[in-house]
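Please read each point with the sequence and the structure at hand.

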Amino acid sequence: MTVLVVGVPEGEQLELLRSGIQRNPHFQVVSHADDPAVALAHARVLLPDITVLSLPAGIDSIDSDPEVLRVFRGVRGLDPPSGVVLRTPSARVPRAVSGLEVEGAVHIVREGDSEALMRALRTIGLRRASCDPDEMP
């Protein structure tokens, strides 16, 4: 499964996230971008199976940040749609964000929770491997 990482700047945090994802041989980070426009360009060209989108601190709804919303809608609008893992820095996931979860398609994990990240990646990967990414008729 190919993975696009969005919203994590170059540096130690990105490398930890990348190595954490790639410790499972079924997942390969194919690109990353901190800039939303660049992320969407990468997504359109690479058609990642999964997008890991890190939410900015203090966000209570992706609607409140137009750039985050644009990336989310953009990767979900691909054909086939990219599965999305929303990483939130909050100790508590805001209700507006948690309402976006769709089993096998959109998952929310807290930053630093590597077990939850791997569960989300595997769940999305299993759905995509079934050739039915979003239970399309």
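The numbered points below treat the model, its strands, its helices, its loops and its surface in turn.

1. Basis of the model. This is a predicted model, in which local features need pLDDT of at least 70 and side-chain atom pairs count only at pLDDT 80 or more, while totals for chains, interfaces and linings use all residues. Residues are numbered from 1 along each chain as its sequence is written, and side-chain values use heavy atoms, with hydrogens and water left out.

2. Strand S3 and its cover. Helices (H or I, at least four residues) and strands (E, at least two) are DSSP runs, numbered from the N terminus.

3. The neighbours of S3. Two strands are said to pair if DSSP finds at least two bridges between them. Strand S1 (residues 2–6) pairs with S3 in the parallel sense over 4 bridges, and Leu 4 stands opposite Thr 51 in S3. S3 also pairs in the parallel sense with strand S4 (residues 83–88), over 5 bridges. In S4, Val 84 is the bridge partner of Thr 51. From S3 the chain crosses through helix H3 (residues 66–76) to S4, and this β-α-β crossover is right-handed. The term right-handed applies if, with the strands pointing away from the viewer, the path from the first strand over the helix to the second runs clockwise.

4. Which residues of H1 are buried? They are Leu 14, Leu 17, Arg 18, Gly 20 and Ile 21. These residues lie on the same side of H1 because they cover an arc of only 165 degrees around the axis; the arc is that of the directions from the helix axis to the C-beta atoms. The face turned away from the buried side of H1 carries the exposed residues Glu 12 and Leu 16.

5. Salt bridges. A salt bridge is a side-chain nitrogen of Lys or Arg within 4 Å of a carboxyl oxygen of Asp or Glu, and by this rule the count comes to 2. In one of these, the side chains of Glu 15 and Arg 18 meet at 3.7 Å, N to O. Glu 15 and Arg 18 are 3 residues apart in helix H1 (residues 12–22), so about one helical turn separates them. Glu 15 counts as partly exposed because its relative accessibility is 41%, whereas Arg 18 counts as buried at 19%. The side chains of Glu 67 and Arg 70 also meet in a salt bridge, at 3.0 Å, N to O. This pair, Glu 67 and Arg 70, is 3 residues apart in helix H3, and therefore about one helical turn separates the two. Glu 67 is partly exposed, with a relative accessible area of 36%, and Arg 70 is partly exposed at 39%.

6. Backbone details in the loops. Where is Pro 80 found? Pro 80 is in the loop between H3 and S4, and a cis peptide bond, with omega about 0 degrees, joins Asp 79 and Pro 80. Leu 47 is in the loop between H2 and S3. Although Leu 47 is not a glycine, its phi is positive, at about 45 degrees. Leu 47 is partly exposed, with a relative accessible area of 39%.

7. Residues apart in sequence. Ser 114 belongs to helix H5 (residues 114–129) and counts as partly exposed at 37% relative accessibility. Ser 114 and Gly 20 are 94 residues apart along the chain, and their C-alpha atoms are separated by 7.1 Å. Ala 105 is found in the loop between helix H4 (95–98) and strand S5 (106–110). Is Ala 105 buried or exposed? Ala 105 counts as buried because its relative accessibility is 0%. Ala 105 and Leu 121 are 16 residues apart in sequence and 9.6 Å apart in space, C-alpha to C-alpha.

Notes. Buried means under 20% relative accessible area, exposed over 50%, partly exposed in between (1.4 Å probe, protein chains only).
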